[in-house]
Amino acid sequence: MSAATVAQPGARAGLLASRVVRRRLAAGAVHLVLLGGAVLMLLPLAWMVSTSLKDPGDVFLFPPRWVPDPVRWANYRDIFTTVPFGRFVLNTVVITLLDVVGKALSCSLVAFSFARLRWRGRDVLFLVMLATLMLPHHVTLIPQFVLYKQLGLVDTFVPLVLPNFLGGPFLTFLMRQFFMGVPTELDDAARMDGASTFQIYWRIMLPLARPALAAVAIFTFNASWNDFLGPLIYLHSRENYTIALGLRSFQQEHGTDWNLLMAAALVAMVPVLAIFFAAQKYFIQGIVFTGVKG
Amino acid sequence: MATAVRRREELEGWLFVSPWLIGFVVFTLGPMLAAAAFAFTDWNLLQAPQWVGLANVRTALLDDPLVWVSLRVTTVYALFSVPLSIALGVGIALLLNARIAGLRFYRTVYYLPSVLSGVAVALLWRWLYSPDFGLVNGILALVGLRGPAWLADENWALSALVIMSLWHVGGGVIVYLAGLQGVPTDLYEAAEVDGAPWWPRFVNVTVPLLTPVLFFQLVVGIIAALQVFTQALIMTNGGPHDATHFFMLYLYRNAFQFFKMGYASVLGWILFVYILALTLVVFRSSALWVYYEGERKIQGAG
Amino acid sequence: MMVDRAVRVSRRSVLGMGLATLGTALVAACGQAPATGTPTAPPAAAEPTRPVGGAAPSAQAPATGAATGTVTFMVPGGQQEDSDFQPVFDEFAKRFPNVKATYTGAGTGYTPQYDDKLLTMLAGNTAPDVFKTLQGNFGALSERGAYRDLDPYVKADPTVQVDDFFAPHMESCRYKGKLNALPNDGAPQGTWYNVDLFKKENVALPDWDWDWAKLLDASKALTKRDAGGRATSFGLGQPSWLPWVWSNGGDMLDADGKTCLLDKREAVEAFSWIQDRAIKDRVIPSPAELTEMNANDMFTSGRLATSFGPRGSLGAFRNIKNFTFDAAPLIKGKKRVSLMGVGWTSIWSGSKAPDAAFVLTNWVCSAEGQKLRISRGFAHPSRQSLVTQDWYVNYKADKSATNGINTVFSETLKRGEARVWPAHPKEKEITVAINKQLDSLWDGKKPAAQIAKDIAADVNKILQS
């Protein structure tokens with residue numbers, strides 16, 4: 001603030017007041033836009049909820065009706081009766097938790113190497129890693145299946161969990177971008193204090209990358225929870241099935257039981273949202289670099 | 001002394017990258033090379049592959065109009081959905097990073113569509129796109145426009161799918177949010193001047209520090225958009241009149257419905273080359289516009 | 001930049017990668033299914049001591065053989081199907097304690113992913129011992145040796161009671177002379193109709209004598225539009241094109257399966273008839289109108305007066321609350337040839353326990369096995385003895401007018417007026433090509449004659465490649 005504006009107390013108060021008003025207006029505008037967008041995001045969901053509470057014969061009515069009549073809460077019970085959803089949930093939880101841990105550890109480790117260490121062939125291998133995302137998975141599906149079959153791992157969780165402990169191009173790329181955005185002063189200081197490379201990774205980079213790790217956790221949780229292709233190909237016994245396979249139970253020979261399908265999809269969605277909601281605290285107020293510039 | 005340090009860093013580099021490298025060599029490289037080998041065969045999945053040399057390649061490049069039709073559909077889709085997703089994603093992320101009440105609620109709401117997938121979403125959007133009763137045309141009617149038949153109209157079906165992809169923008173928003181968390185607030189404070197508009201601060205501070213994740217979203221967005229097909233399979237079956245006949249849909253059909261896995265492998269490699277070329281272009285351009293805080297020590301990284 | 005940098009990968013790592021590749025490729029090649037399309041040796045030679053039936057096999061119950069083993073059984077699965085099969089497998093465990101059978105729903109429901117999963121398992125040489133094949137793959141899997149020939153088993157075991165199967169079902173299980181499956185259900189299409197809508201417009205209810213002319217009049221009378229031109233009810237559901245072509249005397253392929261006959265006059269007439277109803281008379285819902293719900297769902301909502309489908313449509317229609325419905329035979333053209341589906345139940349050619357697998361297959365397709373399953377649901381038995389039984393004839397949904405919802409299908413079969421989609425190794429490729437051209441039928445982009453010509457050209461190209 002220039003000396004001229006500081007001089008008059010009345011003028012300063014006026015300035016302060018207008019700043020507050022401007023802040024309030026800005027906040028209000030943001031709320032308005034966000035609310036509008038939120039309605040657009042939620043409207044389809046509202047239709048899902050509406051469908052999930054309808055009688056089977058009421059799902060397709062003309063003209064379309066938003067409020068079901070009668071409201072059939074029993075749908076939420078029916079989805080659990082014939083299909084052993086409890087078991088599916090257990091399997092999915094085990095796989096997903098293992099996946100999240102594996103991805104967080106392996107992706108950050110590999111990304112650290114790509115971002116911070118210098119070694120020959122690094123950039124080529126980085127491109128090679130990305131290139132594995134570019135070949136459509138359908139053409140490698142069966143050779144990979146045969147590979148796991150020769151190892152005797154079909155109908156186990158291993159083909160679904162193991163790749164998550166071996167890095168994953170998408171999330172490794174994300175973490176690498178993050179690490180490259182971290183200033184190197186802290187590394188240098190730690191090196192001069194005699195820290196090993198692993199200590200720099202574990203004690204300095206990882207904590208700084210909490211928002212990125214949270215993103216990794218959220219993405220992995222979502223992907224594993226909803227993964228259909230992996231369980232489809234590799235799980236052959238019902239006791240091993242996951243939720244994604246269970247959701248298909250409502251697509252029957254005569255057609256789809258939409259009311260039950262919607263109810264099941266909504267129920268399956270809750271844990272992922274809960275994790276997301278909980279992980280929010282790593283996204284709020286990321287005052288990450290205070291003190292670095294000082 | 002310096003060479004010892006360098007040699008150790010070299011070793012550590014390989015050590016830290018080994019989880020991915022081992023997985024790649026054992027579980028990915030072999031199948032990829034097998035896929036390359038199958039491209040030169042006629043393989044119906046049930047019987048031994050028959051060597052056909054370059055016949056599949058020749059057919060794909062010279063004798064199959066569907067290859068080019070589907071590549072065009074896929075390219076147009078990516079051309080619109082990637083930039084739109086990024087723009088919308090960044091915009092929403094900025095709003096969701098503001099200091100207002102109810103952030104957790106808003107963020108969850110915007111992320112929610114990304115959690116849903118599959119058949120439920122397909123039905124939802126078929127309902128939304130219903131020409132007579134759907135919400136989309138309903139909203140257009142509010143402003144006096146008569147909406148098209150969307151999924152049933154060959155000129156609008158692809159746009160319908162692009163718009164649908166924007167509903168899932170929440171996934172990208174997370175990445176930008178994480179990126180925005182990395183923007184030091186002291187830089188914000190330094191740039192804030194009373195009475196000054198927010199635009200210069202945004203351009204000079206936020207954007208450069210966001211470029212690493214923007215780069216990520218662009219590359220990953222291209223790779224993903226060019227491989228989209230599930231919704232087309234469920235909702236339009238590639239129609240009407242091939243308007244939504246994505247390249248991956250054609251590939252999937254050849255692999256699992258037409259018993260032409262050899263031909264599908266060729267298609268896969270064609271798409272691979274296409275995506276790789278685009279990605280390399282983006283990588284080369286990145287030196288011009290991507291800024292890494294920690295770039296001082298690392299040279300020439302993309 | 002990155003790519004410019006010289007790549008100096010050490011010789012050792014190249015060698016290592018090369019070995020890994022070779023190893024994986026070898027492993028993949030070894031994993032190939034041994035089936036090569038030549039018929040497998042009949043099991044009689046391998047199991048000379050298998051007794052044929054028990055001491056005095058009853059007329060109905062499948063005999064307990066000496067076959068033992070563990071077999072897996074796969075169908076798409078789903079809420080209804082899992083509960084339908086439960087009693088079948090419970091009873092099997094009691095009757096045939098020597099065979100341990102596991103029922104597995106594939107976890108895919110009736111979606112294309114079932115085929116994906118089945119094909120992956122076959123390609124990887126770990127297929128289930130007994131499995132169901134969905135429409136589209138029977139010809140392809142038969143041609144490529146995925147099935148075990150069942151003739152030797154059937155000839156040696158009178159409890160199979162082959163003559164009890166409907167003729168169209170048994171024919172559809174044969175491919176190039178070999179019996180590759182047993183049918184465990186299957187129904188022809190009929191005409192489902194909304195009785196209330198018919199009565200409201202004073203239109204006579206459809207019956208065995210109806211032909212296309214009558215159908216045309218009725219559908220016009222039953223299509224109503226509001227002031228804005230939007231349809232409040234449609235008279236005609238989308239007919240399936242193949243039975244329409246058949247009913248006009250045409251066919252899809254010639255007897256050898258080498259030439260497409262869809263550009264011949266009879267087929268063109270059938271296509272024209274359908275297109276005129278869609279474009280000229282607008283009694284069929286257009287693709288735009290079918291965006292949010294398909295024809296069956298529109299029927300359930302009460303807006304479609306007629307819909308064509310098999311008895312299985314009851315799965316959706318039994319939930320109808322707001323109007324009365326019934327079923328009539330598929331409306332005939334010059335004659336009546338209805339399209340039917342079949343539940344192909346086959347033994348994998350690579351099964352390690354084929355004899356035990358046959359015991360299971362026989363049971364699932366036996367009269368008792370079918371009754372246990374279908375009495376809970378609404379599939380259609382593949383056996384003649386079952387369609388006269390009480391539980392089948394007298395099944396009634398809440399809002400069904402008569403038990404025509406059961407009898408028209410069996411009667412169609414008895415009259416020999418039903419046919420299965422011709423099995424062909426390239427069936428799906430052909431169907432996809434035809435359906436793509438049919439887009440123009442429903443939206444009127446091309447006239448029917450042109451569409452028929454284009455279809456024939458596309459299909460002939462596929463047949464010759």
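Trainee: Let's start with chain B. What share of the contacts in chain B with a separation of 6 or more comes from residues 24 or more positions apart?
Mentor: That's 66% in chain B. Keep in mind that we're looking at a predicted model.

Trainee: Okay, noted. How many helices and strands does chain B have?
Mentor: There are 13 helices and two strands in chain B.

Trainee: And what does the C-alpha trace of chain B span along its principal axes?
Mentor: About 75 × 70 × 30 Å. As for burial, 52% of the 302 residues of chain B count as buried.

Trainee: Let's pick a helix pair there. At what angle do α3 and α8 of chain B cross?
Mentor: Roughly 50 degrees, with the axes coming within 8 Å. For orientation, α3(B) covers residues 65-95 and α8(B) covers residues 170-181.

Trainee: What do you call that arrangement of α3(B) and α8(B)?
Mentor: Oblique. The crossing of α3(B) past α8(B) is right-handed.

Trainee: Which residues meet there, between α3(B) and α8(B)?
Mentor: From α3(B) you have Ser85(B), Gly89(B), Val90(B), Ile92(B) and Ala93(B). They meet Gly172(B), Val173(B), Tyr176(B), Leu177(B) and Leu180(B) in α8(B). By class, the contact of α3(B) with α8(B) has seven nonpolar residues, three polar and no charged.

Trainee: Switching to the interfaces. How many residues do chain A and chain B each put into their contact?
Mentor: Chain A gives 88 residues and chain B gives 83 residues.

Trainee: Which element gives the largest share on the side of chain A that touches chain B?
Mentor: α2(A), with 16 residues. Other elements of chain A that give two or more residues to that side include α4 (85-116), α11 (210-226) and α14 (258-279).

Trainee: How does the side of chain A that touches chain B divide into nonpolar, polar and charged?
Mentor: You get 62 nonpolar, 20 polar and six charged residues.

Trainee: What about chain A with chain C, how many residues are in contact?
Mentor: There, 37 residues of chain A are in contact with 43 residues of chain C. The elements giving two or more residues on the side of chain A are α5, α6, α12 (229-234) and β1 (251-252) of chain A. α6(A) gives the most, with eight residues.

Trainee: And which classes make up the side of chain A that touches chain C?
Mentor: It has 19 nonpolar, eleven polar and seven charged residues.

Trainee: On to chain C itself. How many helices and strands does chain C have?
Mentor: Its secondary structure comes to 18 helices and 14 strands. Chain C has 465 residues, and buried ones make up 52% of them. Among its contacts with a separation of 6 or more, 75% are between residues 24 or more positions apart.

Trainee: What's the strand order in the open sheet of five strands in chain C?
Mentor: The order is β2-β1-β3-β13-β6 (chain C), and the pairing is mixed. β2 (99-105) and β6 (182-183) of chain C are the edge strands, each pairing on one side only.

Trainee: How many bridges hold β6(C) and β13(C) together?
Mentor: Two, in the antiparallel sense. Leu182(C) stands opposite Thr345(C) in β13(C).

Trainee: Which helix lies across that sheet?
Mentor: Helix α13 of chain C, residues 354-365, running at about 165 degrees to β13(C).

Trainee: And the open sheet of three strands, what's its order?
Mentor: β10-β7-β11 (chain C), with antiparallel pairing. β10 (306-309) and β11 of chain C each have a single partner strand, so one side of each is left without a neighbour in the sheet. On average, neighbouring strands are turned by 30 degrees against each other, direction ignored.

Trainee: Which helix packs on that one?
Mentor: α16 of chain C, residues 404-414, which touches β7 and β11 of chain C. Its direction makes about 10 degrees with that of β11(C).

Terms used: Residues numbered from 1 in each chain as written. Chains lettered and ligands numbered in written order. Predicted model: local features only at pLDDT ≥ 70, side-chain atom pairs only at ≥ 80, totals over all residues. Contact = placed C-beta atoms within 7 Å. Helix = DSSP H or I, 4+ residues; strand = E, 2+ residues; numbered from the N terminus. Nonpolar A, V, L, I, M, F, W, Y, C, P; charged D, E, K, R; others polar. Axes fitted to C-alpha atoms, helices over the stretch in contact; angles between N-to-C directions. Parallel < 35°, antiparallel > 145°, perpendicular 65-115°, else oblique. Left-handed = near helix turned anticlockwise from the far one by under 90°. Buried ≥ 20, exposed ≤ 12 C-beta atoms within 10 Å, placed from the backbone. Pairing = 2+ DSSP bridges.
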